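This briefing is meant to be read with the model open beside it. Please take each topic in turn and find the side chains in the view as they are named.

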Amino acid sequence: MPVKTYISPDQTKQFVFFYKFDCVFSNFYPCEFSAQEFENDVEKNVNFNCSEQYFMYHKALLVGDSEIAGKILKETDPRKMKRLGRQLSMSKKQLEEWSQNSKEVMYNGCLEKFSQNNVCRENLFRTHGMRLVEASPMDRIWGIGLSHHDKRCENEQTWRGTNWMGSVLDKVREELWTKSEYQQLRLEIEKEIVETRCKQLESFSH
């Protein structure tokens, strides 16, 4: 998996940096899941092929653009989904509303993704006790505004971004970690020492 783990000498900092699209923690990672959605006051089950699709679909719903929402659902390339989301015409009020709600939308999408996919959930559980960090030098909102190659990423005090994505994933992990249906997986992960979990995360490929 394209991640880099970091444990400080005193072990007070344990970070999992992710930074490529083929990582299970990325919104671009191919992963099928479904969710109950309301569109035009009608509840329906909607299938998604990645969390980026879920995110951009809800952005289109907020604007009320059913045409772009439909195009997003038909798309298979997450990069094109993102471009479709950027094409949405949003008023100042809608921009403010999306800014306030986008983190919760991302949380809901990731909760569905990791609860419905065994491979994704197993890797997420391996980060328990660590902090997930999106090492994107281009994103200062969802990421930390730094590359995983930058030594400043090893200290959150020198991050240049808010790491919303990492925080969302940490919250999803803790939500799922306590659920009884995942007790067996949790027990298996707890048997692994931190160094083993780090190696598993860094070597994983799908």
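K59 is buried yet has no salt bridge, and the nearest side chain of opposite charge, E52, is 8.3 Å away. Here buried means under 20% relative accessible area, exposed means over 50%, and partly exposed is in between, with a 1.4 Å probe and protein chains only. A salt bridge is a side-chain nitrogen of Lys or Arg within 4 Å of a carboxyl oxygen of Asp or Glu, and for charge, Lys and Arg count as positive and Asp and Glu as negative, while His and the chain ends are not counted. The model is predicted, so local features need pLDDT of at least 70 and side-chain atom pairs count only at pLDDT 80 or more, whereas totals for chains, interfaces and linings use all residues. Residues are numbered from 1 along each chain as its sequence is written, and side-chain values use heavy atoms, with hydrogens and water left out.

**The surroundings of K59**

- K59 is found in helix α1, where helices (H or I, at least four residues) and strands (E, at least two) are DSSP runs numbered from the N terminus.
- The side chain of K59 reaches the backbone oxygen of G85 at 3.4 Å.

**Salt bridges**

- The structure holds eleven salt bridges, and one of them joins the side chains of K71 and E67 at 3.6 Å, N to O.
- K71 and E67 both lie in helix α2 (residues 66–74), four residues apart, which is about one turn of the helix.
- K71 is partly exposed, with a relative accessible area of 42%, and E67 is exposed, with a value of 55%.
- D77 forms a salt bridge with R79, with the closest N and O atoms 3.2 Å apart; D77 counts as buried at 17% relative accessibility, and R79 counts as partly exposed at 48%.
- E122 and R126 form a salt bridge in which the closest N and O atoms are 3.1 Å apart; E122 is partly exposed, at 32% relative accessible area, whereas R126 is buried, at 8%.
- Salt bridges that share partners also join K13, R131 and E156 into one network.

**Aromatic rings**

- A search of the whole structure finds 14 aromatic pairs, where rings of Phe, Tyr and Trp (its six-membered ring) pair if their centres lie within 6.5 Å, and planes under 30 degrees apart count as stacked, over 60 as edge-to-face and the rest as tilted.
- The rings of F55 and W98 have their centres 4.9 Å apart and their planes at 50°, so this pair is tilted.
- This pair links distant parts of the chain, because F55 is in helix α1 (residues 51–63) and W98 is in helix α4 (residues 92–116), 43 residues apart.
- F55 counts as buried at 7% relative accessibility, and W98 counts as buried at 10%.
- F125 and Y182 form an edge-to-face pair, with 6.2 Å from centre to centre and 80° between the planes.
- F125 is buried, with a relative accessible area of 0%, and Y182 is buried, with a value of 11%.
- Ring pairs link Y6, F15, F17 and W159 into a cluster.

**A feature from the record**

- Over residues 18–177 the chain is 49% helix and 12% strand, and the end C-alpha atoms are 20 Å apart.

Key
A polar contact is a pair of N or O atoms within 3.5 Å; within protein, one must be able to donate a hydrogen and the other to accept it, and residues adjacent in sequence count only if both atoms are side-chain atoms.
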